[in-house]
Amino acid sequence: MAGALKIGVLGCGKIAHEDHVPGLLGAKGVKIAALCDPLPEQMEALSAKFGLDAAKFTDLAAFLASGLDAVVICTPNRLHPDQTLAALKAGLHVLCEKPMAPTAAAADKMVSAARNAGKILQINHTLHYWPAFIALAESVRRGDIGRVVHFRCLRTHDSTPDVGWSPGATWFVQKVWNGGIVLDIGVHMAELMHWAAGPVTEIAAMTSRRLAHIDVPDNAAALMRFESGATGVLELSWTIPCGGGLLEVYGEKGTLRMGFNDGMTLELITPGRPGKPVRVRAAKLPPKPPNSQQAFVRAILGKAPTPTPGEVGRDAVALCEAVLKSGESGKFVKVRRF
């Protein structure tokens, strides 16, 4: 493919199979030119599944020096900062899986490195590419419910990732890899809350581990104060038998909610006339935008800014870090600012 962007995939496990490689193959003007993984069998499986004609590397330095324009990083959490910094130093654009880092300090270094290198650093915060969540954030910013006073976000599952949706990927539930529910599921919801309602200033949280076979939190509940004066609650669990999720954003003029009907319908609730005080209607959703990988390519080519730059991922990590610190200390924790 003459003139195509040459993109490498670092980490050839489930995330590459189900998200990044299909997304890249759906983007125009892209060639998956190289793969890198310490396990050759994972690269072989990925190549066979998608018919990739890509060079294969087990050495990161050789992979980064193989003539690429950009790299997609879909490795365990702990590896993201060092691998991103190495790729930026090599002059490559980076699409990094969430969470971008285990700490806000590490994320700050990644953001600064991308700015200094003049390269795109995009974080794979997928809610930014779902019409229902885009509509929620836009509705709040339009003032459909007035000033936000409270934001509630609940997300639960009936199992851990290594059992339920990434069988065998035990790094999701190991402290040594910076696993745990807060940086796995919580980082998505924290980013959504920040996106829709603005920065959070402080958090009080409780975290717990109810499953004996893991060494990271599998449940968390956090109370937060937004810079605007609004409050919020974030509730997470890997141990609820039926699973489920709810979003509620309460404003001075109305309420937005999701999860009460078919799960992805965004409902707007506003005061009605006397005798019928509540009016509920489904909010209109925007057209489906380019997916994360397509957006990454468009950003590299200068066609549109990335919806999820490093700064977005950094703020989500800072919020999650405060949840974990508060859960350990039992005290209010200030959210680290950039």
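This is a predicted model: local features need pLDDT of at least 70, side-chain atom pairs count only at pLDDT 80 or more; totals for chains, interfaces and linings use all residues.

Residues are numbered from 1 along each chain as its sequence is written, and side-chain values use heavy atoms, with hydrogens and water left out. Helices (H or I, at least four residues) and strands (E, at least two) are DSSP runs, numbered from the N terminus.

**The sheet**

- Strands of a sheet pair through backbone hydrogen bonds, and they do so either parallel or antiparallel.
- In this model, 9 strands form an open sheet with mixed pairing, in the order S14-S13-S12-S11-S7-S10-S9-S8-S15, where two strands pair if DSSP finds at least two bridges between them.
- Strand S14 (278-282) and strand S15 (333-334) are the edge strands, each of which pairs on one side only.
- Strand S7 (residues 148-156) and strand S10 (residues 231-237) run parallel and are joined by 7 bridges, and Arg 155 stands opposite Leu 236 in S10.
- Strand S9 (residues 219-226) runs antiparallel to S10, also with 7 bridges, and Leu 223 has Val 233 in S10 as its bridge partner.
- The hairpin of S9 and S10 has 4 residues between the strands, and in this hairpin Gly 229 takes a positive phi near 105 degrees.

- Strand S8 (residues 200-208) is joined to S15 by 2 bridges, and the two run antiparallel.
- Glu 202 is found in strand S8 and stands opposite Lys 334 in S15.
- Glu 202 has 14% relative accessibility and therefore counts as buried (buried means under 20% relative accessible area, exposed over 50%, and partly exposed in between, with a 1.4 Å probe and protein chains only).
- Leaving aside neighbours within four places in sequence, Glu 202 is in contact with Leu 223, Met 224, Arg 225, Phe 332, Val 333, Lys 334 and Val 335, contact meaning heavy atoms within 4.5 Å.

**Helices H8 and H10**

- Helix H8 lies across S7, S8, S9, S10 and strand S11 (244-251), running at about 155 degrees to S10, whereas H10 lies across S8, S9 and S15 at about 50 degrees to S8.
- Axes are lines fitted to C-alpha atoms, for helices over the stretch in contact, and angles run from 0 to 180 degrees between N-to-C directions.
- The axes of H8 (residues 181-197) and H10 (residues 310-329) come within 8 Å and cross at roughly 120 degrees.
- The two helices are therefore oblique to each other, since angles under 35 degrees count as roughly parallel, over 145 as roughly antiparallel, 65 to 115 as roughly perpendicular and the rest as oblique.

**Helices H4 and H5**

- Helix H4 (residues 80-89) and helix H5 (residues 104-117) pack at an angle of about 10 degrees, with their axes 10 Å apart, which makes H4 roughly parallel to H5.
- His 80, Pro 81, Thr 84, Leu 85 and Leu 88 in H4 meet residues of H5 that include Ala 106, Lys 109 and Met 110.
- Among the buried residues of H4 are Gln 83 and Ala 87, and the elements that its buried residues pack against include strand S1 (5-10), helix H3 (60-64) and H5.
- H4 is followed by Gly 91, whose phi is positive, near 85 degrees.
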